[in-house]
Amino acid sequence: GAELLAARSQADDYPPEIEDYPVITTYPELDLAGIFEMQPDLILATNEIIDPRATEFFEKNGIPVYFQSYTSLDDIYKNIERTGELLNLEKNARQLADSLRRVEAHIVDSTSIQAKFSPMLLISVKPLIVAGGGGFMHDLIEKSGAKNAFGELEQPYPEVDPELVLKMMPEVIIIPSRNQEVYKDFASTYPTLHLNMPAAISGRIYLVDPDIIYRPGPRSVEGLAYLARTQHARLTPDDFFLPQ
């Protein structure tokens, strides 16, 4: 299906071969003129990133857009299948989605009888933003064999105050980042939390590759496997025969 790809956004960097494709700027402003000049047969987008007002431009110029929405891992698999249908690659997409479902089932089964800790997935320090109960990251946390400390909040990425974090007492902190200084920044910004949270006291603080947590797609089951490892030390991602 790679030969069908006309262009990528500036954020698309996986697999490495994608660097050979033209770039369409999507942030801070969508390059509508560049898209019009390219005249693609289809635009794949998520409803979280592209301003829905741009759809008026696409409709006016007859450019089809498929807006993907993700509230769970199952949405990821369904969107893979739907994309396969749109590209006439149904068989490939169905095989990929089915393999991802099998890996997920293996991970869920491996953690089903284990104790469930309550992690906080830290998205931002200033402002203090965590993964709530309204998005696919909540599903990642829960299916990794944990109980999202902020799962009762309806928003996918709620801004919370330190008092609420202290009340929820997360036992694990997961930080999707490559920046080794994020927790140091968190501890200096919220010293009361650093001194009182079970996760900080026990040292259960984990940095995870942000791409496999934040980007919904085939690698999300890899994110699921790594989250399972943070909750259940006996498990390693290799246990799940992750697809390459």
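Pro-119 stands opposite Val-172 in strand S7. That pair belongs to S5 and S7, which run parallel and are joined by 3 bridges. Strands here are DSSP runs of E, at least two residues long, and helices are DSSP runs of H or I, at least four residues long, numbered from the N terminus. Two strands pair if DSSP finds at least two bridges between them. This is a predicted model, in which local features need pLDDT of at least 70, side-chain atom pairs count only at pLDDT 80 or more, and totals for chains, interfaces and linings use all residues. Residues are numbered from 1 along each chain as its sequence is written, and side-chain values use heavy atoms, with hydrogens and water left out.

Now widen the view to the sheet. It is open, has 4 strands in the order S6-S5-S7-S8, and its pairing is mixed. S6 (129-130) and S8 (205-208) are the edge strands, each pairing on one side only. S7 (residues 172-176) runs parallel to S8, with 4 bridges between them. Across that pairing, Ile-173 stands opposite Ile-205, and Ile-174 stands opposite Tyr-206. Helix H11 packs on the sheet and touches S5 (119-124), S7 and S8; its direction makes about 150° with that of S7. Contact means heavy atoms within 4.5 Å. Axes are lines fitted to C-alpha atoms, for helices over the stretch in contact, and angles run from 0 to 180 degrees between N-to-C directions.

How many residues of S7 are buried? The count is 5 of the 5, so the strand is largely enclosed by the rest of the structure. Val-172, Ile-174 and Pro-176 cover one side, and Ile-173 and Ile-175 the other. Buried means under 20% relative accessible area, exposed over 50%, and partly exposed in between (1.4 Å probe, protein chains only).

Next comes helix H4 (residues 90-111). Its buried residues include Ala-97, Leu-100, Val-103 and Ile-107. Seen down the axis of H4, the buried residues fall within an arc of 160°, so they line one face of the helix. The arc is that of the directions from the helix axis to the C-beta atoms. The face turned away carries exposed Lys-91, Arg-102 and Asp-109. Helices H3 (73-86), H5 (136-143) and H11 (220-231) are among what covers the buried residues of H4.

H3 and H5 also meet each other. Their axes come within 8 Å and cross at roughly 115°. Leu-73, Asp-74 and Ile-76 in H3 meet Phe-136, Asp-139, Leu-140 and Lys-143 in H5.
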